[in-house]
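Reader: Please take a close look at one part of this model, the charged side-chain pairs. Then follow the chain to the strands around them.

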Amino acid sequence: MTGGLLRSCAVLTAAIALALAACEAAPGATPDGGAGAARDGGRAKDGGRDGGRDAADAAAAKAPPFAPVPGAAAGPVWLLSRSHGLLEIDAAGKRTPIPIVDARVLAVGTLTDGQTIVVESKGLRKIVGKVAHKVHAFGERMAADVEDGARILPGPNGAISVLGAKRLWLGGKPGWKGTGRSAVASVARDRMADADTAGTPVAWGIDSDGALRLQNGDGWDLVPGLGPGLLVRNAVLEIAAAASGGLLVLREDGLYRLAGRSEPPTLLVALTASKGAHLAVSSSGVVAVRDPSGKVTIVAPTGEIATPEATVGEPFAVDDLGRVWSAGEGAVTLVSPAGAPVKLPRTADVADLAGIAVTGAGPPKDRVAR
């Protein structure tokens, strides 16, 4: 009797185990009698939509947010109008017009020592308070070269060079010296270091083949590893001085940095760029890359990227918050890494702009917007 009872219990136990195994193997089977299967079935039917949303959410969660320069301090923005002179909008949003009469203004820039300089067709002016003081008159040869196009190249300790249509002009005593630049089409000067104590600048240029060259007296030496781009991909498209010294190099596959004259390039961030792109760099190293269509990529010093929907015009500048200030349609537009663009009040003194320069984080948005 006892043996029969034990055999019956063993058979019953085996049957229960087989039933449980079958439940575990069956698709959609759950201990809650099918409720879980219904929920899973609902997700499966809706999987295309929910799956795409989940993937997008996961990608967004992995992508780091754009990080502006920590503790970036507000500063002025300078808007240079061909027809109305210079307008300063200071850190508090106060607007100060600075007339520049009887002159063809070409560019505005802030030097490493904080001076603001305007290049006009016949010389340089330094901004002191509400006055644009003439500080240097160009000779005939330099005036003719600069007249065709000018760009300010700040150097260390307030030094300055001016890039004309044909030459790089080096400022100093007793006067300005023009260097040959027939081999290069674009020039950038190191903001933090000179080649020697005599003030010889460290300057790089791009030649017509898309290769990077380093200035050597009146000549330009090829930089190893950044050679001609006509026969290979990744030609050098644009260069700009890095805020902390050295050079930023834009190639087809990304943004690179050269720390000095003999340093190898290091990739800061991978991105796709095309010929005709331009760079702007903030006081503390935020970079804006504008492509020929006006689309902009904003790169934080720590490598995060923002690609706003809004387009930007030319001229343009970027501040330490990653906001791009640009001209277009008679107004100045402020494009942030995220959020809608903001337009400054449309006034005559922000029309017909020849140049924009901004210091630090620029003026607060609520002080300049309509």
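Author: Arginine 290 is buried, with a relative accessibility of 10% (buried means under 20% relative accessible area, exposed over 50%, partly exposed in between, with a 1.4 Å probe and protein chains only). Its partner is glutamate 314, and the two side chains form a salt bridge at 3.6 Å, N to O (a side-chain nitrogen of Lys or Arg within 4 Å of a carboxyl oxygen of Asp or Glu). This pair links distant parts of the chain, 24 residues apart. Arginine 290 sits in strand β21 (residues 287-290). Glutamate 314 sits in the loop between β23 (305-306) and β24 (316-318). Strands here are DSSP runs (E, at least two residues), and helices are runs of H or I with at least four; both are numbered from the N terminus. Glutamate 314 is partly exposed, at 45% relative accessibility.

A word on the source. This is a predicted model, where local features need pLDDT of at least 70 and side-chain atom pairs count only at pLDDT 80 or more, while totals for chains, interfaces and linings use all residues. Residues are numbered from 1 along each chain as its sequence is written, and side-chain values use heavy atoms, with hydrogens and water left out.

Back to the charges. Side chains of opposite charge can pair when their charged atoms come close. A search of the whole structure finds nine salt bridges. Among them is aspartate 194 with arginine 189, at 3.1 Å from N to O. Arginine 189 is buried at 5% relative accessibility. Aspartate 194 is partly exposed at 26%.

Another salt bridge joins aspartate 352 to arginine 82, with the closest N and O atoms 3.4 Å apart. Aspartate 352 lies in the loop between β27 (342-343) and β28 (353-358), and arginine 82 in the loop between β1 (77-81) and β2 (85-89), so the pair ties together parts 270 residues apart in sequence. Both ends are partly exposed: aspartate 352 has a relative accessible area of 40%, and arginine 82 has 49%.

Now the strands. An open sheet of four runs in the order β3-β2-β1-β28, with antiparallel pairing (two strands pair if DSSP finds at least two bridges between them). β3 (95-98) and β28 are the edges; each has a single partner strand, so one side of each lacks a neighbour in the sheet. The twist averages 15° from one strand to the next (axes are lines fitted to C-alpha atoms, for helices over the stretch in contact, and angles run from 0 to 180 degrees between N-to-C directions). β2 and β3 run antiparallel and are joined by four bridges. Isoleucine 89 has arginine 95 in β3 as its bridge partner.
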